[in-house]
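Thank you all for coming.

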Amino acid sequence: MKLELQGITKKFGDFTANDAIDLVVQPGTVHALLGENGAGKSTLMNVLFGLYDADGGQILLDDEPRVFAGPGDAMDAGIGMVHQHFMLVPVFTVAESVMLGNEDVTGPAKLLDLNAARAKVKELSDRFGFAIDPDAVIEDLSVGAQQRVEIIKALSRDAQILILDEPTAVLTPQETDELLDIVGQLRDAGTAVVLITHKLREVKAIADDITVIRRGKVVGTAEPTASQEELASLMVGRDVSMTVAKDAADPGDPMLQVHNLTVVDGVTEITLLDGVTFEIRAGEILAVAGVQGNGQTELAEAIAGLTPTDAGHVTLDGEDITGHSIRKVLDAGVGFVPEDRTEDGIVANFTIINNLILDIYDRAPYSTRGTLNGKVLVDNAEKQVENFDVRTTSINALTGSLSGGNQQKVVLARELSRDLKLLIASQPTRGLDVGSIEFVHKRIIEERDNGAAVLIVSSELDEVYALADRIAVMYHGRIVDIVPPDTDRDTLGLMMAGAHKEEEAA
Amino acid sequence: MSEQVVTQPGGESPAPDEDRRDWAGTWRQITESSGLVVAMAIFAALVIAGLLVILVDPDVQEAAGYFFSRPGDTFAAAWEAVSSVYGAIFQGAVLNFDSSTFAGTIKPFTQTLTMATPLIFAGLGLGIGFRAGMFNIGAQGQLLIGATVGAYIGFAWHLPFPLHLALAVLGTAVGGALWGFIPGILKAKTGAHEVIVTIMLNYVALNLVAYLLTLEAFLPPGQTNPKSPIVDESAQYPLLLGSQFNLHWGFILALLCAWGVWWLMERSTLGFEFRAAGANARAARTAGMNVTKTTILVMVVAGALAGLAGSAPVLGTEKALTDQTAGSLGFDAITVALLGRSRPLGTVFAAILFGGLQAAGPTLQTVAGLRPDIVYVIQALVVLFIAAPPLVRTMFRLPVPAHEKEVAA
Amino acid sequence: MSAPAIEPSALAHPEPGEPVIKRRSWKAPIALGVIAVASLVIFGLLSPSGSQTTFVFARSTDFFTLPTLTVSSRGAAIVLSVLALLLAAYSAALAANYRKPGIWLPVVYGMAIIGSLLTWAGAGRDNTSIQFTGLLTSSLFLAVPLVFGALAGTICERSGIVNIAIEGQLLAGAFLAALVGSMAGNAYVGLIAAPIAGAAVGAILAVFATRYWVDQIVVGVVLNLLVLGLTGFFFNSIMKTNPELNQALSIPTIDIPLLSKIPVIGPVLFQQNLLVYILYIVVIVLQIMLFKSRWGLRVRAVGEHPKAADTVGIKVNRTRVRNTILGGAVAGLGGAFFTVASGLAFGNNMSAGKGYIALAAMILGRWSPRGALAAALLFGFADALRVQLGIIGSDIPSEFLAMTPYLATLFAVAGLVGHSRAPAAENIPYKK
């Protein structure tokens, strides 16, 4: 089936997320929708899928104008979508998840026909070699398996147009290759595939057509033969240097020493962190690479004192801080930029003033004898907003009303306002625009040059390359190896899949 | 949600708002609703209650029987019914112009302040909980346990005046704090939801007090009626305006507590922790706050204030403990805290408003022949309307204030 | 209502280098053991020897007469307590191997403890005996509003709407059943009217929750107050002046042929009124529908992950509104228990907190109709026992028996009886 979007416009208040976007996707092709985070790709697809009402433009399927009141209509018309955040009910089985909204019933009482659903899952799973058990419970499945359930879900409804929204964000390079294989199979079977991504490598590997979106507008189309640099400059709007300029590291004495650190989940008894050992010197950045969910988050949180540890030591500047509360760890000179900014980093309903003192509110000069010093807080906020270029109308604005980049600047300003021995930053630029990314990277490198040890956790290899003095790769709760920053992408990819260790197909 | 997208152009997908509880949203609706909406909500509640009164008034029903021949009679009867009710409320809660003496004239208002006293205490406690993200339905139980401890100290111990009163008042606070500590520690240590725990503890407290009031130690000699001995005069709140009025020093203590709560929540570092934990517990914990401690402390402070509310009946007005001491104070206090937008000053005004409605109860009965149930209806409607400003704005065609647009994300 | 645990349970921090040990859950075996020991000591060892307890099972209408059972109080209590202790030990043995016992264990355990309690309570009372059948009959009867209320809560919460307003829905149902039944002069008409009142309360809850995104707990609490005020207002005005609008009507008891004559089971289950028979049907139908039907699958999806439901074309807020109204209707029907099913006229606040116990039964029953039934029966039993022990003049203060449902729920939510997991999207408005 041929999909055509004509002049799709979508506004949120004064903000135009999609501005008269045109797009044609032919059956049996893979059409890559390329753009930065925030460019408006997902919004466009949500309009197509009936989740948002468009403010203008029309959708045509095989040249017929169609209007979708909701996702149900879109699916009935043959459109399937695999969302970036999976739309699966964690407590359902695979069969239940696949049949939801499209249930077969049987018997006089019209009860669910689970056997039919199981058979359908089995059939599709076999056809593409997925190895999915229809009776497995979603929350027990790996991320890759959940994604395959999503694909089965779409295919079970005879989707002829399949939208994949940032499908590789949570996959290892090897899993990514497998997914691209599957996409190829679907294309050969006549499905029109829309691949939403900001990863150039994948686009070049699989796309037949490329449309680049920037700030809600189509800024151009390209052939898959275009170079990565050409695509990147189209996407970002200017010539980009892929790395931030930084001087060579001048490491001093070991600042952070982690020895045999182990974390076991208290409920599931799964080992999340398995005997991790490494050290970071003063004035050095260690970046931890890995596919999300391989223990990096737990590593950062265990060092910070947020996750209880089950074995091992953490030593900071010679002082054993193992098992100390987060409060004591922060007091010992650690700055912590959490992975989930909105959940852990800021209090959205607090003003910028208050967010800037979230972990220093009870020290002088911000408070004396249990009483906050309003004047000092205001002065502090004015100074920090200026230093970190936080774009806001007022320091009294709610922090939740700022853009992601400005929220992250608030977090960074707060964490860097103390004298740090160690800075821990998890996914420091996730969801930020290019300008903010550069700013954050610059500040992190400055902190290194001031003599702090820096631990970066990132699932973006570009970021790892931009910052790292050494790269540690994690897989299944272990550090596979620590390698120099000039290690090539393919090698890192293999290590991220646990290369030379147990090669897991799941 | 749409505004969220505007404000986060950095994020491709709108932040998954629905993944979080909407406490903050609701409290903001309540706490930042404009004064106009509050006024309109109260007005709408009074109008609806007025319609109910008209509906059941026998004269109106009679006149409505010949509505089409003389419609004026129906309206006159309706006006008569409504004005008699609201007249009675005014007379019972504010000023009684029928009285020949000045004292008699202002007595209703002092009675309103007396009735407002326990509501201020308990409403302050609940407000702290709400702002710290805890929905404490347990003021009833906390109040009852506090009242029990305070009353026991009052009638069983015999000490000189200021000391005895101070200890008895302290006892109410400690009792309430203890009953608040239980849901606090259960929530902090096991994640048990405070709504369920506090509801259950209300009933446990009720039965516990009923049991205690069967024991000799809690009854006057030779009595089986569930009413404790009268507390010693040395443990009673002195009257504030002399013997003509019931208003006692508990009211002044309540106002002092309101100031104290304001300082705690707005100026102290502890209050900063309370608010941070309430607005985003995960971020508070990541910033090094001890959220376990905060959770427990919030419930202890809220419980202590609810317990102090118990001092108003046992050390002020009734001067003894009965199984009816708590009445519906704990639940009324929830509406007080909601109407008062969880702020100390607002809570004081809301308590005076609802205290007035309750003070008017006897007058309603004698003058308008209505039982005070209509007061509950008014209270419930006011809070419902306040919680949903868009509804009130639709009813009165008010514009959407700009500041709400801004923070709606 | 499952707020995420703010802090994961503090784990013992082993010395560095210590091997990592897997953890076992000892909570349940310890709780079972402690209670069994208490039962053994209090009901068994400390009770005077030589007295006897008599249990009466028979009813005159039975096919054949079961004999009256007389046992040595002390001996029986000891035997039953030891049985309970053995079960606790078995559950400990399972826990040691990281396993959990089946549902039979707590059931048998509970019966042993209750039996022990009963023999102790009935000990040495020569002219009174434990009316076993009567005890069970009134347990079921007293559980009726709790079951309907808990089912109402389950229906709403499975779709993601917290229903604290069960209390108000029960009271509204009781009121309208009495009013309409009296106007029609027929108790059955009242039974039909009751769910309408509950549905109306549910509808208000639904509108505030889905349209105005008000916190559902706030709305629930306030609705309870509103219904209390409204019913009290009409009771004291219209009903007082027109007594014919509030008569003590009663739907008759219907004996099911044959089944009602089986000893014990017959009188307990099959000599009841229509409302109880409706209850059987509602529990069974809901249990099947919730877990085996298209409707149930969709409702559960909406309550767990509304966005996922939306993306497959399920109307989230419409589902929630419908379920909340349906749940309100079920609770309203349960409210008829207080008036037309009990043969009473309406009285002020006659639901008297039963709605909150129903909420507890829903949690203890882990949001399933079957579990709600079991929990409500347990609470009904505690209530019936309180009444019966009052009759035979037991030493146990009735206040403590009255507390048991609440304490049981406290233990349940604190995780001592097993972790209960609420629908994930409860009390979170769905906004696109």
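In what order do the four strands of the open sheet in chain A lie? The order is β2-β1-β4-β5, and the pairing is antiparallel, where two strands count as paired if DSSP finds at least two bridges between them, and where strands (E, at least two residues) and helices (H or I, at least four) are DSSP runs numbered from the N terminus.

Before I go further, a word on the source: this is a predicted model, in which local features need pLDDT of at least 70 and side-chain atom pairs count only at pLDDT 80 or more, while totals for chains, interfaces and linings use all residues. Residues are numbered from 1 along each chain as its sequence is written, and chains are lettered from A and ligands numbered from 1 in the order in which they are written.

Back to the sheet: its edge strands, each pairing on one side only, are β2 (15-25) and β5 (64-66) of chain A. Strand β4 of chain A, residues 56-61, pairs with β5(A) in the antiparallel sense over three bridges, and A:Leu61 stands opposite A:Glu64 in β5(A).

Now to the domains, whose bounds come from an automatic or database domain assignment. In chain A, domain 1 covers 3-236 and domain 2 covers 241-325 + 453-506, and their C-alpha centres lie 33 Å apart. Nine residues from domain 1 of chain A and seven residues from domain 2 of chain A make up the contact, which is counted where C-beta atoms, placed from the backbone, lie within 7 Å. On the domain 1 side, α5 (143-156) and α6 (173-188) of chain A each supply at least two residues, and the largest share, three residues, comes from α5(A).

Helix α6 of chain A also holds A:Gln185. The C-alpha atoms of A:Gln185 and A:Gly28 are separated by 9.8 Å, although the two residues are 157 residues apart along the chain.

Finally, chain C is assigned domain 1 (27-128) and domain 2 (136-413), with 31 Å between their C-alpha centres. Here 12 residues of domain 1 of chain C are in contact with 10 residues of domain 2 of chain C.

Definitions and conventions:
Contact = placed C-beta atoms within 7 Å.
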